[in-house]
Amino acid sequence: MPDDYAEFREQPGDDPDDVLFNSLYGVRTIQLNRPKKYNALNGSMIRKIIPRLQEYQKSALASVIVIGGAGPKAFCAGGDVSHLANDIATHGEQGKLASKAYFGLEYKLDHLIATYPKPYVAYLDGITMGGGVGLSVHAPIRIATENTVFAMPETGIGFFPDVGGSFFLPRLEGQLGTYLALTSDTLKGVQALYAGVATHYIDSSVLSNLTARLGELVFKDYSDLRSRLLIIDRTIEEFNTGLPLKSPPHLAGNLRLAIDNCFQHDTVEAIIYALERERDAPRPPQINDWAAQTLSKLVEKSPTSLKVTLRQMRLGMRWDTNETFRREYHIASKFMEHPDFVSGVSARLLHKPPTRPEWQPPTLDQVTNEQVESFFRIEEGEEGLELLTRGMDYNRYPFEQDLGLPREEDVERMVRERTWLRDEVIEELVRAKDGKIGVREKVEEILARTCRVNRDKSVRWGKH
């Protein structure tokens with residue numbers, strides 16, 4: 001147990017039942033249990049989960065960890081930022097210190113999950129936002145259901161997409177991560193699978209049966225983590241109930257091309273200019289409408305949050321998981337000193353009905369490059385975040401290729417290596433993934449958007 005084990009001990013006011021733990025043969029389940037609060041994550045819950053994960057890590061009897069949320073609406077709707085903002089507004093500097101301590105604790109948990117040496121399975125059954133994303137998106141196996149609602153809404157409350165958002169968002173395909181980070185757009189149901197947020201999709205009605213089946217799995221003592229995850233992957237497919245009707249990839253085709261075109265830029269002003277051109281250009285009406293709606297969303301966000309978040313997306317591609325959470329702790333601490341966090345949370349979450357926050361500064365042109373860079377500059381001697389695990393960090397999710405849907409880069413590599421017929425590409429990738437649900441639909445979308453089909457039905461990478 002780490003030297004600072006005391007920070008995980010129960011504190012006065014902690015709810016003894018806000019997280020429930022259970023054992024079922026080899027499975028250890030973690031159930032977030034604040035359904036009336038949409039299972040919003042708080043310090044009390046984190047102080048329970050970290051020691052349990054460390055205990056399970058050492059136990060030869062614990063083979064698979066499964067995390068989910070109580071109630072029908074949410075896995076976890078985020079961190080309890082309302083409490084943090086209220087604490088800052090009420091207690092000033094003391095509240096800021098308490099909020100920084102909370103984020104440090106949360107990021108330690110997220111990093112522990114990201115580097116966990118045993119199979120960790122997350123059920124994204126319901127609302128999965130903010131802090132709930134941190135508990136799930138770094139898991140090697142992430143299961144979406146028809147109830148999944150994924151979003152990173154932080155720019156709308158004067159904050160930034162934290163909990164490892166610097167790592168997972170820039171590594172989504174194309175500019176999807178930057179788009180989701182800046183706009184807070186939602187991914188519902190199977191769309192989380194197509195976008196790469198989830199690795200699997202099943203109906204919520206079979207989750208309890210899946211948990212019981214995972215408890216029956218027996219791994220050989222010498223099996224490495226990859227081998228165990230592949231067994232779990234095949235086991236999940238036993239519960240495949242098919243894709244929902246009329247659910248092709250949404251962020252696809254012309255819309256995906258527009259997203260990549262507009263959100264490839266390195267300044268928010270350039271992104272807005274590109275969106276204005278899409279809105280006014282002779283495009284399909286749905287693209288003009290999307291551009292106009294996206295512009296309306298961005299106008300509502302904190303200008304400081306938008307600029308810091310875009311910079312975060314560009315720098316995050318270079319960070320490994322260790323640096324990600326250390327950097328995010330620094331950025332979060334800076335936001336605790338910035339007025340937009342309290343203003344945004346108060347107006348959007350505490351005030352009934354929600355009102356428009358008073359951002360400081362109120363416009364993009366008043367947010368200077370120096371102000372943005374200050375969120376990323378770590379001064380000499382500044383105290384950093386001490387993480388719980390070392391030596392297990394990485395720059396790409398290590399099991400992404402094994403467990404997720406094929407990525408655009410996989411299809412490109414295949415198409416470029418030799419001549420393939422369109423249907424051959426699809427069938428080969430479906431076969432390589434053992435018929436995994438969603439593969440066919442994902443590959444068909446990639447080919448339609450990126451490739452030219454010749455008269456002989458062969459495909460060539462590139463539309464021009």
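Reply: What follows takes the labels one at a time. This is a predicted model, in which local features need pLDDT of at least 70, side-chain atom pairs count only at pLDDT 80 or more, and totals for chains, interfaces and linings use all residues. Residues are numbered from 1 along each chain as its sequence is written, and side-chain values use heavy atoms, with hydrogens and water left out.

Me: What makes strand β5 (residues 120–124) count as largely enclosed?

Reply: Five of its five residues are buried, so β5 is largely enclosed by the rest of the structure. Buried means under 20% relative accessible area; exposed is over 50%, and partly exposed lies in between (1.4 Å probe, protein chains only). Strands (E, at least two residues) and helices (H or I, at least four) are DSSP runs, numbered from the N terminus. Tyr 120, Ala 122 and Leu 124 point one way from β5, Val 121 and Tyr 123 the other way, and all are buried. In a regular strand the side chains alternate between the two faces of the sheet.

Me: How do you know which strands pair with β5?

Reply: Two strands pair if DSSP finds at least two bridges between them. Three bridges join β3 to β5, and the two run parallel. Four bridges join β5 to strand β7 (residues 141–144), again parallel. Ile 67 has Ala 122 of β5 as its bridge partner. Val 121 stands opposite Ile 141 in β7.

Me: Why is strand β3 (residues 64–69) called largely enclosed?

Reply: Five of the six residues of β3 are buried, so the rest of the structure largely encloses this strand. Strand β2 (residues 27–32) pairs with β3 in the parallel sense over six bridges. There, Arg 28 has Ile 65 of β3 as its bridge partner.

Me: What makes β4 (74–76) and β9 (187–188) edge strands?

Reply: Four strands form an open sheet in the order β4-β6-β8-β9, with mixed pairing. β4 and β9 each pair on one side only. Inside that order, three bridges join strand β6 (residues 127–129) to strand β8 (residues 149–151), which run parallel. Thr 128 has Phe 150 of β8 as its bridge partner.

Me: Why is helix α3 (residues 93–114) called roughly antiparallel to helix α14 (residues 321–336)?

Reply: Their axes come within 10 Å and cross at roughly 160 degrees. That makes α3 roughly antiparallel to α14. Angles over 145 degrees count as roughly antiparallel, under 35 as roughly parallel, 65 to 115 as roughly perpendicular, and the rest as oblique. Axes are lines fitted to C-alpha atoms, for helices over the stretch in contact, and angles run from 0 to 180 degrees between N-to-C directions. The residues of this contact divide into six nonpolar, six polar and four charged. Ala, Val, Leu, Ile, Met, Phe, Trp, Tyr, Cys and Pro count as nonpolar, Asp, Glu, Lys and Arg as charged, and the others, Gly among them, as polar.

Me: Why are helix α18 (residues 408–417) and helix α19 (residues 422–432) called oblique?

Reply: The axes of α18 and α19 come within 11 Å and cross at roughly 125 degrees. The two helices are therefore oblique to each other. Val 411, Met 414 and Val 415 of α18 meet Glu 424, Val 425, Glu 428 and Leu 429 of α19. Contact means heavy atoms within 4.5 Å. By class, that contact has five nonpolar, no polar and two charged residues.

Me: How do you know that Phe 159 is buried?

Reply: At 2% relative accessibility, Phe 159 counts as buried. Phe 159 is found in the loop between β8 and α5 (165–168). Not counting residues up to four places away in sequence, Phe 159 touches, among others, Phe 103, Tyr 107, Ala 332 and Met 336. Those four also belong to the contact between α3 and α14.

Me: What makes Val 163 and Ser 184 stand out in phi?

Reply: Most residues other than glycine have a negative phi, and most peptide bonds are trans. Phi of Val 163 is near 50 degrees, a positive value. Phi of Ser 184 is near 65 degrees, also positive. Val 163 counts as buried at 0% relative accessibility, and Ser 184 counts as buried at 13%.

Me: Where are the cis peptide bonds?

Reply: One joins Lys 352 and Pro 353, with omega about -5 degrees. Another joins Gln 360 and Pro 361, with omega about -5 degrees. Pro 353 sits in the loop between α15 (339–350) and α16 (369–374), and Pro 361 lies in the loop between α15 and α16 too.
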